[in-house]
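Subject: Handing over a structure

Dear colleague,

After them you will find my notes on what came out of it.

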Amino acid sequence: MRDSRYYTCNYCFKEFEPKRRRVQKYCSNSCRSKAYHARKSMNEIQDLSLPEKHSNKDNSKASESVSVAGVTNAATGSLIADGIKALATKKENRPATKGDLNLMIEKFLGRYHLVKNLPANAFGQYPYYDIITNEIVYLQNEV
Ligand SMILES: [Zn+2]
């Protein structure tokens, strides 16, 4: 059994005799500050790596054209569409008609959103998610 007067430093794992019991996790100020910075930079690395998971995972031409056009993926598109619906309802104090919404969606978001995880068809046409009809349609790359 280890002497219970001693704590193990959370950073360097050395045993030390705490000056203040219970609250002291590190053997020294320098370990405490190193541990803090290590945690902080870990968080920064995780923050930075998040967007990369979504963009350009494959180097196909299709995904490049999406980022150039600034088109969002289908899921994001329908989320934004819900937001527009809420805004339109609030502003004019009446529910927007389906036609109004479709017009706004086409104008602001673009109707067709390239589907990244489906290949082009035999005609070299790419699959697009049509946010008006909720269907996949095959179109030439430029929409
Ligand atoms: Zn230490």
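Read from the N terminus, the elements of the protein chain follow the order β-β-α-α-α-α-β-β-β, which amounts to four helices and five strands; helices (H or I, at least four residues) and strands (E, at least two) are DSSP runs, numbered from the N terminus. Please bear in mind that this is a predicted model, in which local features need pLDDT of at least 70 and side-chain atom pairs count only at pLDDT 80 or more, whereas totals for chains, interfaces and linings use all residues. Residues are numbered from 1 along each chain as its sequence is written.

For the chain as a whole, 7% of the 143 residues count as buried, where buried means that 20 or more other C-beta atoms, placed from the backbone, lie within 10 Å of the residue's own. Of the contacts between residues at least 6 apart in sequence, 30% join residues at least 24 apart, a contact being two residues whose C-beta atoms, placed from the backbone, lie within 7 Å.

The sheet comes next. Three strands make an open, antiparallel sheet in the order β3-β4-β5, and two strands are said to pair if DSSP finds at least two bridges between them. Its edge strands, each pairing on one side only, are β3 (112-114) and β5 (135-139). Ignoring direction, neighbouring strands of this sheet are turned by 40° against each other on average, with axes taken as lines fitted to C-alpha atoms.

Strand β4 (residues 126-130) runs antiparallel to β3 and is joined to it by three bridges, with Y128 of β4 standing opposite L114. Between β4 and β5 there are five bridges, again in the antiparallel sense, and P127 has Y138 in β5 as its bridge partner. The hairpin of β4 and β5 has four residues between the strands, and in this hairpin N134 takes a positive phi near 60°.

Finally, the largest nonpolar core consists of six residues, namely Y112, L114, Y126, Y128, Y129 and I131; such a core is a set of buried Ala, Val, Leu, Ile, Met, Phe, Trp, Tyr and Cys residues joined through C-beta atoms within 7 Å. The elements that supply two or more residues to this core are β3 and β4, and β4 gives the most, with three residues.

With best wishes

Note on methods
A residue is buried if 20 or more other C-beta atoms lie within 10 Å of its own, exposed if 12 or fewer, and partly exposed in between; C-beta atoms are placed from the backbone. Axes are lines fitted to C-alpha atoms, for helices over the stretch in contact, and angles run from 0 to 180 degrees between N-to-C directions.
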